[in-house]
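Please read them alongside the structure.

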Amino acid sequence: MRFLCDVERCIDCNACAVACKNENEVPWGINRRRVVTLNQGEAGEKSVSVACMHCTDAPCIAVCPVSCIYQTPEGVVLHNKDVCIGCGYCFYACPFGAPQFPQTSAFGVRGKMDKCTYCAGGPEQDMSEAEFKKYGRNRLAEGKLPLCAEMCSTKALLAGDGDVLADIMRTRATARGGNNELWGWGTAYGPAPHK
Amino acid sequence: MTKRGQSNFQVTDSAARMSVCADGPSTRALRKYYRKIALTPFLVLVLAVAGCGENQQARQERLYGANAYRVAGDTTAWSNAPFNGDVDAWTHDIDERARNQNEYRRIR
């Protein structure tokens, strides 16, 4: 399971961030997804929607001292808030700044880590109240994709299996006049673990 | 008078004890003294051993790979209703939804 943001299409509308907050009832001060704009105000500025990229060899898993972060068979990186100690190592390890920490009290005291779950919940019973309270909606268990991608009006943000996304991008690149050089996820890295 | 007498008694009692030790201790006092000396290294040893035998409080293995979710106490996305363990049906639904993000496919 991958996210792919087509920077040629992203218009910095932040609908993905709003959709994520609304669907998962993300508290104030936490942004699981945000839109970063490069060269803002200049000709040819580019925007890209960034969240946890659910890395294959996720550095947050490697540095977590209590091993609360884990991978699911479909390649989503999740974490257990009951085990998390809020140390912040994952934040320093993450190249995208995805892990977020709620401010629980004054003087910058950190709470448990919170990040994009690919709308896949956590270790609690799927689609249960406890899971929703801690991690948000489990759309993946309902056979749906993350809402940020499904809500994207320009279809800049894509979610799904790496090969399917590569196919979509190949079609787009061809339509834009590019040559068909995109190999696809499966050719480059092999089939997804759950297939 | 009573108070003074009591305090006198305490003073004399402790003085007597000291004198016993100084002059030539009785067997009982000597035993207590040796017991204290013998217990000290034993207690130090017990504390040292307890310090070395710290229990592991956190999981040490890194949770990568296909079976990591089991160790973390999670289930797969397709294990519950509406898929009830049918991974093929789940994959089909997810892939179909992902393909629908392609407007070149929709407008064809």
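How many helices and how many strands does the secondary structure of chain B come to?

1. Chain B has five helices and zero strands, where helices (H or I, at least four residues) and strands (E, at least two) are DSSP runs numbered from the N terminus. Its elements run α-α-α-α-α from the N terminus on. Of its 108 residues, 16% count as buried; buried means under 20% relative accessible area, exposed over 50%, and partly exposed in between, with a 1.4 Å probe and protein chains only.

2. On conventions: this is a predicted model, in which local features need pLDDT of at least 70 and side-chain atom pairs count only at pLDDT 80 or more, while totals for chains, interfaces and linings use all residues. Residues are numbered from 1 along each chain as its sequence is written, chains are lettered from A and ligands numbered from 1 in the order in which they are written, and side-chain values use heavy atoms, with hydrogens and water left out.

3. The accessible surface of chain B comes to about 8600 Å², 57% of it belonging to carbon and sulfur atoms (Shrake-Rupley method, 1.4 Å probe; for residues, only the protein chains shown count as cover). A nonpolar surface patch is formed by Leu30(B), Tyr33(B), Tyr34(B) and Ile37(B), together about 410 Å² of accessible area. Patches are made of residues with over 30% relative accessible area and no salt bridge, like charges being joined within 9 Å and nonpolar side chains (Val, Leu, Ile, Met, Phe, Trp, Tyr) within 5 Å. Leu30(B) lies in helix 2 (residues 27–52) of chain B, and because its relative accessible area is 31%, Leu30(B) is partly exposed.

4. Chain B and chain A bury about 3200 Å² between them, 54% of it on carbon and sulfur atoms; buried area is the accessible area (1.4 Å probe) that two parts lose on being put together, summed over both. Tyr64(B), Arg97(B) and Gln101(B) supply 21% of the area that chain B buries against chain A, more than any other three residues. The contact (heavy atoms within 4.5 Å) takes 37 residues from chain B and 49 residues from chain A.

5. Three salt bridges are counted between chain B and chain A, a salt bridge being a side-chain nitrogen of Lys or Arg within 4 Å of a carboxyl oxygen of Asp or Glu. One joins the side chains of Arg9(A) and Glu103(B), at 2.3 Å from N to O. Helix 4 of chain B gives the largest share of the side of chain B that touches chain A, nine residues.

6. Where in chain A does Arg32(A) sit? Arg32(A) is in the loop between helix 1 (15–24) and strand 2 (34–38), and counts as buried because its relative accessibility is 4%. The side chains of Asp114(A) and Arg32(A) meet in a salt bridge of 2.6 Å, N to O. This pair links distant parts of the chain, 82 residues apart, and both residues are buried.

7. Within helix 6 (residues 162–175) of chain A, Asp167(A) and Arg170(A) lie three residues apart, about one turn of the helix. They form a salt bridge, with the closest N and O atoms 2.7 Å apart. Asp167(A) counts as partly exposed because its relative accessibility is 39%, whereas Arg170(A) is buried because its relative accessible area is 18%.
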